[in-house]
Amino acid sequence: MEQEKTVWDVLDGKQRDKAFEFADGYRQFLNRAKTERLAVEAIISQAKSRGFHSIEEVKDAKPGDKLYYSFGGKALCLAVLGKKPLDLGLRIIGSHLDSPRLDLKQRPLYEEAGLALGKTHYYGGIKKYQWTTVPLALHGVVITEAGDRVKVEIGENEADPVFTITDLLPHLAKEQMDKKIREAVKGEGLNILLGSIPLAGQEVKERVKANLLQALESRHGFTEEDLVSAELEAVPAGPARMVGLDRGLIGGYGQDDRACVYTSLMALLDMENPDFTALALFSDKEETGSDGATGMKSNLLEDFVAELIYLVSGSSDGIGVRRALRRSQALSADAAVAFDPNYPDVTDKQNTACLGKGVAIMKYSGIAGKYDTSDANAEFVGEVRSILNQAGVVWQTGEMGKVDQGGGGTIAQFMARYGMEVLDCGPALLSIHSPFELASVGDIFMTYLAYSAFFGSSS
Ligand code: MN
Ligand code: MN
């Protein structure tokens, strides 16, 4: 059975080199795309260099054309137009650009005991204790009163300072250690240390905060009030690394779901004249339920497909869009749960994915009794299985933990709304949602091969 094979048993010397080369590019992408906005920028710049144009730049389109549209700089669709008419359906791979992090509040700054701090509201499902005592970088935008957009990026270069959240020394942590992990670090306790030197020679209150504000104004050109109209995200600082003596793993922040973003992007950039239109969708807000204008519950996919149909045929008739979406086949590209030898009890060993055993297909995700999932049709699982086998892709099955253990959803259920076939498919990760997630070099490569085969499938 395919399940027993590892990627490393299948890749010969040359292919191994390719897999490691691919992992290098992936690591660079992770380092560059630390937030959804930065990911959109990185994707657009790569896509443009490979012949993609914004749909706003073109008046019409034909098979073979490469188009994209950015939704507010936070979500993105890209397509390579196929030979077949769009209303026969597309091949869609949908992933998400956002990852768990700490967002600065609208009025974040305060000073206490000679330290300037920033209040945060965490974004997505995190284990709060994991975010203390690690170096953090700040990324995002601040919109000034005059409407200028100031880009902030502090903490990634070695010459940059970083930020951090303090934790209690063990000597005084008796009470904290007796608490449940969930309560040991409070949400309102995730305050980021931003500065410690007071403003010199001035009679002001809160001199450290004043000094910080002066630095922000002189170096970045924004004021305290400007922070009200800002999106500043604290994320783990520094680059992704190779993990293990054999360098078989990649460790780094944001691999859920930028592992799928990068692999599906690379697969799409390689597509030339596919039979069916190949569409890569990069959504935002998945980690907070896919709500919002750039989340998968918005109309971004159907809007983009409607624009494509209009550019190709001049038709603005809604039935074409509905047919195109209903007849589409999609992979919901998201990180799968990997079996963790430190925590064997939360998974069903027979059905969970393992690092190094290839890309994972997951018929359903969901929570207790298959809530919040689309549950792919057996027929479509069969089709994908055969596409992967024909392409020599090493794959395995996965699920979101043991029955009744917990679980979680993906964007599959929101893609399924259109009636299209959709299956969850992505690499398994360890330490998901932590500041240092782990993926296998071999699985990442197999994911790329799987997505390429899916985009190129023609029946
Ligand atoms: Mn995810
Ligand atoms: Mn996630």
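**Cavity, pockets and a helix**

Author: This is a predicted model. By class, the lining of the largest cavity has three nonpolar, three polar and five charged residues.

Reader: What is the volume of that largest cavity?
Author: About 70 Å³. The structure holds one cavity of 30 Å³ or more.

Reader: Which elements give two or more residues to its lining?
Author: Helix H3 (36-49), strand E7 (136-143) and E8 do. E8 gives the most, with four residues. The lining residues include Arg 37, Glu 41, Arg 149, Lys 151 and Glu 153.

Reader: Which domains does the lining of the largest cavity draw on?
Author: Domain 1 (7-99 + 253-455) and domain 2 (101-236), with at least three residues from each.

Reader: Pockets now. How much space lies in the largest pocket?
Author: About 1700 Å³.

Reader: Where does the largest pocket lie?
Author: Between domain 1 and domain 2, because both give residues to its lining.

Reader: How many residues line it, and which lie nearest its centre?
Author: The lining has 45 residues. Nearest the centre are Lys 127, Val 337, Gly 407, Ile 432 and His 433. Helix H5 (181-184), strand E19 (407-408) and helix H11 (412-415) each supply at least two lining residues.

Reader: And how do the residues of that lining divide by class?
Author: Into 16 nonpolar, 19 polar and 10 charged.

Reader: What about the second largest pocket, what's its volume?
Author: About 570 Å³. The second largest pocket is lined by 26 residues. Phe 163, Leu 194, Leu 212, Ala 215 and Arg 219 lie nearest its centre.

Reader: Which element gives the most to that lining?
Author: H6, with nine residues. Helix H6 spans 207-220. Strands E5 (101-112), E8 (149-154) and E9 (192-195) also give two or more residues each.

Reader: What classes are in the lining of the second largest pocket?
Author: It has 18 nonpolar, seven polar and one charged residues.

Reader: Change of topic. How many residues has helix H12?
Author: Helix H12 has 16, running over residues 441-456. H12 reaches 23 Å from its first C-alpha to its last, close to the 22 Å expected.

Reader: Why is H12 said to be largely enclosed?
Author: Because 13 of its 16 residues are buried. The rest of the structure encloses it.

Reader: What does Ser 440 do at the start of H12?
Author: A side-chain oxygen of Ser 440 reaches to within 3.1 Å of the backbone nitrogen of Gly 442.

Terms used: Residues are numbered from 1 along each chain as its sequence is written. Chains are lettered from A and ligands numbered from 1 in the order in which they are written. This is a predicted model: local features need pLDDT of at least 70, side-chain atom pairs count only at pLDDT 80 or more; totals for chains, interfaces and linings use all residues. Side-chain values use heavy atoms; hydrogens and water are left out. The expected span of a helix is 1.5 Å times one less than its number of residues. Buried means under 20% relative accessible area, exposed over 50%, partly exposed in between (1.4 Å probe, protein chains only). A polar contact is a pair of N or O atoms within 3.5 Å; within protein, one must be able to donate a hydrogen and the other to accept it, and residues adjacent in sequence count only if both atoms are side-chain atoms. On a 1 Å grid over the protein atoms alone, a cavity is a set of points where a 1.4 Å probe fits but cannot get out, and a pocket is an open set with protein on both sides within 12 Å along at least five of seven lines; lining residues have an atom within 4 Å of a point. Grid points are joined across faces, edges and corners, and a volume is the space filled by probe spheres set on the points. Ala, Val, Leu, Ile, Met, Phe, Trp, Tyr, Cys and Pro count as nonpolar, Asp, Glu, Lys and Arg as charged, and the others, Gly among them, as polar. Domain bounds come from an automatic or database domain assignment.
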